[in-house]
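Have a look at the sequence and the 3D structure below.

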Amino acid sequence: MQKIIAANWKMYKTRAEARETAAALARHLKEKQPEGRQVIVYPPFTAIAEVAAALEGVTCAAAGGQDVYPAAEGAFTGEISPRMLQDAGASWVLTGHSERRHVLLESDELVGRKTAFALAQGLSVMLCIGETLAERESGQLRAVLQRQLQAGLAEIAPADVARLAVAYEPVWAIGTGKVAGPQEAGEAHAIARELLREIIGAAGESTPLLYGGSVKPGNAAGLLALDNVDGLLVGGASLDADSFAQIIFA
Ligand code: PGA
């Protein structure tokens, strides 16, 4: 099955820096076309057009936005609509990233509205879920994933499920250098798969389920070999084209 390797650039890179990194990545992908890999780059909003242009003609690669607001347009200062993302060249969007949930205090309910609306507008959506260390240590892993998936997928239309992916990112592993071990990641992915089946039915069997949190060139192959790991969402190690390419070709 095809694996999705996604780069989350967070609040890094000016347009010129993004253009340079995306062009270097495009060179890697043209030189050695990765088999069975779909590549997505989520730059800051200001650099989506640059990245989409640099990746044009690289059939396995696409650009996406890091967030979206669930309305077509209106008085929502600071927000961005699905159509604006598409206009800039994005075909994907992240919803519910842990930094949106924990730093910007987004609710499960808002994440659900964003996910459903972006899908309905034709974007592919990567819904992010994951527990904090305190939640894991107090035995709430399953309950947290269940709550986030139930609310995150509450309003999605059955016809849109084919454009959905889910990224499991334990909050304690994001940007900390602490990657979830095979047992921890394997357990969480098995739970997420079971929940997806419960919530969206048989289609949940083939929803791509990505792992994220301190993915590096050295641990990518091991993570991709785990059951129910259909791809990787990479933060820090995706900022450099060479290091991200190593992960793509892992
Ligand atoms: P990280 O970030 O790879 O730097 O841990 C992952 C993410 O937040 O998507």
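Let's start with a cavity. G96, S98, R101, C128, I129, G130, Q148, E169, V171 and I174 line the largest cavity. A quick word on where this comes from: the model is predicted, with local features needing pLDDT of at least 70 and side-chain atom pairs counting only at pLDDT 80 or more, while totals for chains, interfaces and linings use all residues. Residues are numbered from 1 along each chain as its sequence is written, and side-chain values use heavy atoms, with hydrogens and water left out.

**Empty spaces**

How do you find empty space in a protein? Rolling a probe the size of a water molecule over the atoms shows where empty space is left. Here that's done on a 1 Å grid over the protein atoms alone: a cavity is a set of points where a 1.4 Å probe fits but cannot get out, and a pocket is an open set with protein on both sides within 12 Å along at least five of seven lines. A residue counts as lining if it has an atom within 4 Å of a point. Points are joined across faces, edges and corners, and a volume is the space filled by probe spheres set on the points.

The structure has one cavity of 30 Å³ or more, and the largest cavity holds about 40 Å³ of space. Helix 4 (98–102) and strand 5 (124–129) each give at least two residues to the lining of the largest cavity. (Helices, H or I with at least four residues, and strands, E with at least two, are DSSP runs numbered from the N terminus.)

The largest pocket holds about 520 Å³ of space. It is lined by 23 residues, and K10, M11, Q66, E99 and R100 are the closest to its centre.

What kinds of residues surround these spaces and the ligand? In the table, Ala, Val, Leu, Ile, Met, Phe, Trp, Tyr, Cys and Pro count as nonpolar, Asp, Glu, Lys and Arg as charged, and the others, Gly among them, as polar.

| Site | Nonpolar | Polar | Charged |
|---|---|---|---|
| Largest pocket, lining | eleven residues | seven residues | five residues |

**Around the ligand**

Which residues come nearest to the ligand? There are 13 residues around it, and K10, H97, E169, G175 and S214 come nearest; to be near, a residue needs a heavy atom within 4 Å.

Now for polar contacts, meaning pairs of N or O atoms within 3.5 Å; within protein, one must be able to donate a hydrogen and the other to accept it, and residues adjacent in sequence count only if both atoms are side-chain atoms. The side chain of H97 has an N or O atom 2.7 Å from an oxygen atom of the ligand. For N8, an N or O atom of the side chain is 3.5 Å from a ligand oxygen. E169 has a polar side-chain atom 2.7 Å from an oxygen atom of the ligand, and E169 is also in the lining of the largest cavity. On its own the ligand exposes 280 Å², and the protein buries 97% of that; such areas come from the Shrake-Rupley method with a 1.4 Å probe, and for residues only the protein chains shown count as cover.

**Some single residues**

Is Q66 buried or exposed? Buried means under 20% relative accessible area, exposed over 50%, and partly exposed in between (1.4 Å probe, protein chains only). Q66 counts as buried because its relative accessibility is 17%. A polar atom of the Q66 side chain lies 3.1 Å from the backbone oxygen of Y42, and one lies 3.2 Å from the backbone oxygen of P43.

T115 belongs to helix 5 (residues 108–120) and, at 0% relative accessibility, counts as buried. T115 and D67 are 48 residues apart along the chain, with 9.7 Å between their C-alpha atoms.

L105 is in the loop between helix 4 and helix 5. With 67% relative accessibility, L105 counts as exposed. L105 also has a positive phi of about 60 degrees although it isn't a glycine. K13, in the loop between strand 1 (3–8) and helix 1 (15–31), has a positive phi too, near 90 degrees.
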